Amino acid sequence: MEAHSFSPESAGFRRAGVLGLAAVTTVVGTLEMHRLLSAQGTSAPEVVLVFLFALCFGWIALSFWTAIAGFLQLALGPRLPGLRYPSVDEEALPLASRTSVVMPIHNEDPASVFANVQATYESVAATGHLDAFDFYVLSDSTRAEAWVAEELAWSDLCRRVGGQGRIFYRRRTDNTGKKAGNLGDFCERWGRRYDFTVVLDADSLMDGRTLVKMARLMELNPRAGILQAPPLNVGRTTLFARLQQFAGRVYGPVVAAGAAAWQLGESNYWGHNAIIRTEAFINHCGLPVLPGKQPFGGHILSHDFVEAALMRRAGYTVWLVPELGGSYEQPPPNLLAYAQRDRRWCQGNLQHLSLVMAGGLHPFSRGHFLMGVMSYVASPLWLLFLMSGLVAALHDRFFLDAHSLDTASLAFDAPGSLRLFAVSMGMLLTPKVLGLTLALVRPGEAAKMGGRVRLTLSVLLESVLASLLAPVMMLFQSHFVFGTILGYRVNWSSQQREDADLPWAEAARRHAAHVAAGVGLVVVAALVSTSLVAWLIPVVAGLLLSVPLTVLTARSSLGLWTARRGLFLLPEETEPPEVLERAQSITEEHGVEPVSDAVERVLTDAKTHALHLALLESQPGLAESTSSPAALESARRKLLGGGAEPLSAQEKVAALLDVGTLSEAREQRLMRALS
Amino acid sequence: MDSVTTLTACPSVPSTVWAVPRSRAALDTFFRGFGFNDEADLSALAAWVLDGYSAHGAQPQAAVALARARMETWLSSVLGLEHAGPGLLARGRAAFVLCDGASRGARLLTRPAAPEDFVRAVRAAVPVPAPAQVSTVMPEQQLVLWPFGELLRRWWRGAAPDVSISR
């Protein structure tokens, strides 16, 4: 079979177009900024300011030209060149390959996890290609209660769909390497059974037709190592989540199509909702452990970028394929949960800095590492840019000769500044405008999003709210970046609850520093001039309002209220795809009974006991892998000693891993009950 | 009194099979693991296990060993060769409990052949957490993080490359 998956001839033209125009735009913008600042000579703070501006403006310029490329790609023909697509005849053929669909999980809500697995499974079955797929839930859960609940949910799912022998459940006792280690463990045990592996996240949901299409594309493109289907955010009801979902639905396609249009076969992998060539992955993507200590050394945290780079280094291509569709995930329910996720990703992405110069990587892989770093470092850069601007203004205010400001040639070029500001804002807003344009002109799409007027109003409201939330995220991300670089631990103990209202007290605690920063900015700006305060209003307003913004946007009631009024509507809400509806109905119909005490449940419930022991005995090595003999000894003493002392979390896990202890304890209880 | 007479309504089991109380209790515990709780069922199952054995379950361990053997034979006849192996009893018990076999009474086990619908259901319910492994090694990739520095360092003192610390 001929390889069709290398980047096509038009790659150079596409890349020169986007990267070249971004570079030219950055140079022109930076020169203009320098001209504006140097009217009265250039001070040291202003040199720093120009440098920071160049970095921030370059980042915006790249996003802008990527969005333009995406718009053109979508308008002129959504199919990427370079991949071979199946003909109508080929689409009718059965799949010749075997694909595993794996979902690594870690202490997740089993109801939604297994509902998504079932909906995906049924969706694949509906395509008639089920024989080509196996499903694995790969549990890294450490909580005993989550573990037992998963076993029960898996068993119920298999009974509902007749999935024994096709839907598998494996729990790892050793969580080495976290998600990447979990996936690596799967590859080393069962990977060789499959040609391809579809990696899902705990909240992923995929249409069966998409999975079949992905497997077929992999069959037809033997040099393709990874195909990434960009996931669409769906399924949450809080206002914050609905804003994310709406933005992802309207602007996301433009951005994704733009990235795919110039990155082509050197695109990136996002860690889930993607298909990988299993043998190539096994042979070439085993992650190294980096030398040195955390945050830059140790196990690689954000594995996806590195695996994509290794896959590309081995000669396989990595494609982002936006046209696939049918790929879903859920956004965080509120700003604090979003920031919590960002904290984890931030450390992972910054770790990639040490890989940028690694030998043998494709230049685009290095570019992906840098773009990942920049997506977090842009925040502290923006912050430093603001600070430098303030310092420069204070310098001019207090150290320059006041009379020089009256000289016409030395006066600050206010119209020029406004022009540059307008250009920057225009470039920031362009992806939104382009996304809106596509939604308005595509037949029927606007109608599914509340109609043209409501759709436009939604974009305007989303833009205002996103602008207010952006400075808060800037401070959060700056905190995470500095924390990672300086090596101090950024603690975050708040509990994640599904679409639950956020207490005012927690929001006030998290945002106290942000409000203080907003007040500080106003005071310092007022020392310079009232007009500077006006310039800073877009930033300061978000900081001063951060507490009510976070609390109110975390409310489902507000999210649902906007939905009832036709705001932030998605076509996937007005006409839900079958797989989404099915996942929702399974979650509602087949609720998973909560497990309040895992050991107690295994000892008292015959079904749970039989199932748990069967799973332990079916996985030789699992029962012997208990890491703490002392915990087991202590658990045995408590369980068999007849006392009522509760087991610690570690003792529970140790007891649940030991068939002998569980059998003895259950027998003892039954005997006691009989006598 | 050390022994009791166990009466059973099951026609296939002699009505005078008895077991010492400790053995009977051990058997009851064993069969409760399959979901049987009804006294008549437990009596019938004890009789089914001990039928034909002269020791009449003098020792609880021996009685349970007999019960395990009985159940393994029964499960292997129901589940077929596909599920034969060391975990047969554990997996078979799980499937039996998941199908609520106990609700059909002791007769389900003592009759010559299990009903076809139950056989189908119990076979489909045998937990298969994972297929057979095809073990392989995912080799850890070598990444020279700073090739130029590495060149200098090797020239200077021939140190090991700055690849993974796990090697």
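Helices (H or I, at least four residues) and strands (E, at least two) are DSSP runs, numbered from the N terminus. You're looking at a predicted model, where local features need pLDDT of at least 70, side-chain atom pairs count only at pLDDT 80 or more, and totals for chains, interfaces and linings use all residues. Residues are numbered from 1 along each chain as its sequence is written, while chains are lettered from A and ligands numbered from 1 in the order in which they are written.

**Stop 1: the seven-stranded sheet**

Start in chain A and colour the strands in the order E3-E2-E1-E4-E8-E6-E9: these seven form an open sheet with mixed pairing. At the edges sit E3 and strand E9 (317-320) of chain A, each pairing on one side only. Neighbouring strands here are turned by 20° against each other on average, direction ignored. For angles in general, axes are lines fitted to C-alpha atoms, for helices over the stretch in contact, and angles run from 0 to 180 degrees between N-to-C directions.

Now select residues 99-105 and 133-139 of chain A. These are strands E1 and E2, which run parallel and are joined by seven bridges. To see one of the pairings, pick A:Ser100, whose bridge partner in E2(A) is A:Asp134.

**Stop 2**

Next, show E8(A) with its side chains. Buried means 20 or more other C-beta atoms lie within 10 Å of the residue's own (12 or fewer would be exposed, in between partly exposed), with C-beta atoms placed from the backbone.

E8(A) runs antiparallel to E4(A), with four bridges, and antiparallel to E6(A), with three. Centre on A:Ile276: it is the bridge partner of A:Thr197 and also of A:Ile226.

**Stop 3: helices over the sheet**

H7(A) lies across E1, E2, E4 (196-199), E6 (224-228) and E8 (274-277) of chain A, at about 160° to E6(A). Contact, here and below, means that the C-beta atoms of two residues, placed from the backbone, lie within 7 Å.

**Stop 4: a three-stranded sheet**

Move to the open sheet E5-E10-E7 of chain A, again with mixed pairing. Its edge strands are E5 (205-206) and E7 (232-233) of chain A. E5(A) pairs with strand E10 (residues 327-329) of chain A in the antiparallel sense over two bridges; select A:Leu205 and you'll find A:Tyr328 of E10(A) opposite.

**Stop 5: two helix pairs**

Select residues 239-250 and 452-486 of chain A. These are helices H8 and H16, whose axes come within 11 Å and cross at roughly 120°. That makes H8(A) oblique to H16(A) (under 35 degrees counts as roughly parallel, over 145 as roughly antiparallel, 65 to 115 as roughly perpendicular and the rest as oblique). On the H8(A) side, show A:Leu243, A:Phe246, A:Ala247 and A:Val250; they meet A:Ser458, A:Val459, A:Glu462, A:Leu465 and A:Ala466 in H16(A). By class, that contact has seven nonpolar residues, one polar and one charged. Ala, Val, Leu, Ile, Met, Phe, Trp, Tyr, Cys and Pro count as nonpolar, Asp, Glu, Lys and Arg as charged, and the others, Gly among them, as polar.

For the second pair, take helices H1 (residues 11-37) and H14 (residues 414-441) of chain A, packed at about 155° with axes 10 Å apart. H1(A) and H14(A) are therefore roughly antiparallel. A:Gly29, A:Glu32, A:Met33 and A:Leu36 of H1(A) make the contact with A:Gly416, A:Ser417 and A:Leu420 of H14(A).

**Stop 6: chain B and the interface**

Finally, bring in chain B, with seven helices and two strands. Of its 167 residues, 37% are buried.

The contact between the chains takes 43 residues from chain A and 41 residues from chain B. On the chain A side, H24(A) supplies the largest share, ten residues. That side has 21 nonpolar, 13 polar and nine charged residues.

Methods
Two strands pair if DSSP finds at least two bridges between them.
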